[in-house]
Amino acid sequence: MRALLREFGYLRLLAVLIAFLPFFVLPALGVVWLWHSGQLLVWFLVTAGCGLLGYGLHWLSRLYSRSQLPPATGPEAHWPPDSHEAWQHVEARASEATPEQYPLSDATGLFRLGRDTVEDVARHYHPHRERPLLELTVPHMLLIIERASRELRADIVDHVPLSHRLTLGSMARLRRWRDTAVRLEGLYRLGHAAVDPTSVVFRELRRDLGNRVLGYGSEQVQTWLLREYIRKVGYYAIELYSGRLLLASETPVESVTRASQLQQRESEGRPESSEPLRILLLGRANSGRSSLVNALEGEPVAAVDSAAGTTGAIEAYSWGSSDGDEVLLIDTPGVEGEALDTATLRREVLGADLVLWVTPALRADREGERAVLERIRDWFREDPSRRPPPLIGVVTGVDAVRPAREWAPPYTLAEPATPKARNIVAAVEAVGGELEFDARHRVGVSLSGDAPFNVTPGLVGLMEGQLDEARRIRLLRCLRERRRDETWRYLWRQVRNAGQTALAKARERH
């Protein structure tokens, strides 16, 4: 403490005391004046009344208000379904914890609570392991400790006064001073009662009421701190046991994946320094996928023919969204053909950030499309560690709906006012219902003629509304690939270093 006072300066401390001396003396002078004027009893009664009124309002607030301090830690938006399920375990434990069960002063109890929280998460990811807590690597455990320590350091420096100057010794001495002050407080109250017995009842009543009001606020803060501790531990446990944690410090989307590099070279597009968003176009043969690519690009870049099966292989085209994201439009052969077998379809779907399912408005036989769509949905249901990409149903050929000879766009589809517009909306709803597209994720377009209908802003607006979700899918996709690359990269480095060490020792022997 002396070191702290020397750092602050004795002269500066004396200046502060002298500056605030009038404020310290003022209450004593006020009591003397009340005593001489005969108003001291009135002041005591007013003080007691205000205390009782304040406590009554506090009791009413507890009765009618159950609001809690909002949590500062929550699940990440890009987490897949299995991580959100793990978070539910964390949130359930946090909602049940109270300061009575786990006092913040009980370090052992808090450690046990944190361990139980981590075990809940570990058991979620490794339910069949006898000791799920041990299902992690030492480097990943050290990385989590490093990240948590860095965040804790920043919080302490930003919010705890003088934390960058107080030493552990000074904090220990302050704690001893506090304990001494608590012991002397009882003697002070007893001495005050002996000197001024007339006011001791009112003073103790005010003290008790104030402590109750402040105690309730303190209880709320302690509850928030306890539950925030559980959430923070659970958050890092999910990052640790989910298998998505990278040892490298680079952002996963900063470099381009191998699949995107290959498709960018094939499309003769400009090589990108970061991973583009991958938009996959699927549908039956002759559904208008290549025509849709041309409409989005604003120029004929994909081969189009009235004969079925014009697209015989997977083709990629660079496209820039209005948000500035670089995008690869990936055109595919028809889903019912041999060129897009199940393995290829699965690879492309799992590598996509957004899927456009293109289907004609007037085609009746959709059983094959339903089967493929159900297969795709099953892939994501069977693997909750993956987040399914947004699926937009693009209904083409709406110009051919009744009345077939009428085509005078633009048509307002949000509030259809003509029979043609109403039939277009009805056709899109019928196709969307049959293929189980989300009502918010389906759109009707026409790709015939020189001016496509409802591609911009209709379809493009719908696609850009899903870009945030597509970016989350991209992040998870890149994390998965970076983790796989990281495994082999570190393995090669370890083998190389071990060989060099063995070679050096062999040379030393000779």
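Predicted model: local features only at pLDDT ≥ 70, side-chain atom pairs only at ≥ 80, totals over all residues.

Colleague: Which residues of α10 are the buried ones?

Modeller: They're R289, S290, L292, V293, N294, A295, L296 and E297.

Colleague: And what covers the buried residues of α10?

Modeller: The cover includes the strands β1, β2 (315–320), β3, β4 and β5 (391–396), plus the helix α14 (455–465). Have a look just past the end of α10, too: G298 has a positive phi there, about 80°.

Colleague: Why is something called a nonpolar core?

Modeller: The name goes to buried residues such as Leu, Val, Ile and Trp when they are joined through side-chain atoms within 4.5 Å. The largest set here has 31 residues, and L280, L282, L345, V349, W357, I376 and V398 have the most contacts inside it.

Colleague: Which elements each supply at least two residues of this core?

Modeller: Those are β1 (277–283), β3 (326–331), α11, β4 (354–360), α12 (367–382) and α13 (419–435). The largest share, 6 residues, is from α13.

Colleague: Let's do the holes. What makes a space a pocket and not a cavity?

Modeller: A pocket is an open set of points, while in a cavity the probe fits but cannot get out. The largest pocket holds about 1500 Å³. Lining it are 30 residues, with A148, L152, Y229, K232 and V233 nearest the centre. Two or more lining residues come from each of α5 (107–125), α6 (138–159) and α8 (200–241).

Colleague: How many residues of each class line the largest pocket?

Modeller: Its lining counts 21 nonpolar, 4 polar and 5 charged residues.

Colleague: And what is the second largest pocket like?

Modeller: That one has about 530 Å³ of space. It's lined by 24 residues, and R347, L350, G351, R477 and E481 are the closest to its centre. The helix that gives the most to this lining is α15, with 6 residues. By class, you get 9 nonpolar, 4 polar and 11 charged residues.

How values were computed. Residues numbered from 1 in each chain as written. Heavy atoms only, no water. 1 Å grid on protein atoms, 1.4 Å probe; cavity = no way out; pocket = protein on both sides within 12 Å on 5 of 7 lines; lining within 4 Å. Points joined across faces, edges and corners; volume = space filled by probe spheres on them. Helix = DSSP H or I, 4+ residues; strand = E, 2+ residues; numbered from the N terminus. Nonpolar A, V, L, I, M, F, W, Y, C, P; charged D, E, K, R; others polar. Buried < 20%, exposed > 50% of the residue type's maximum accessible area, 1.4 Å probe, protein only. Contact = heavy atoms within 4.5 Å.
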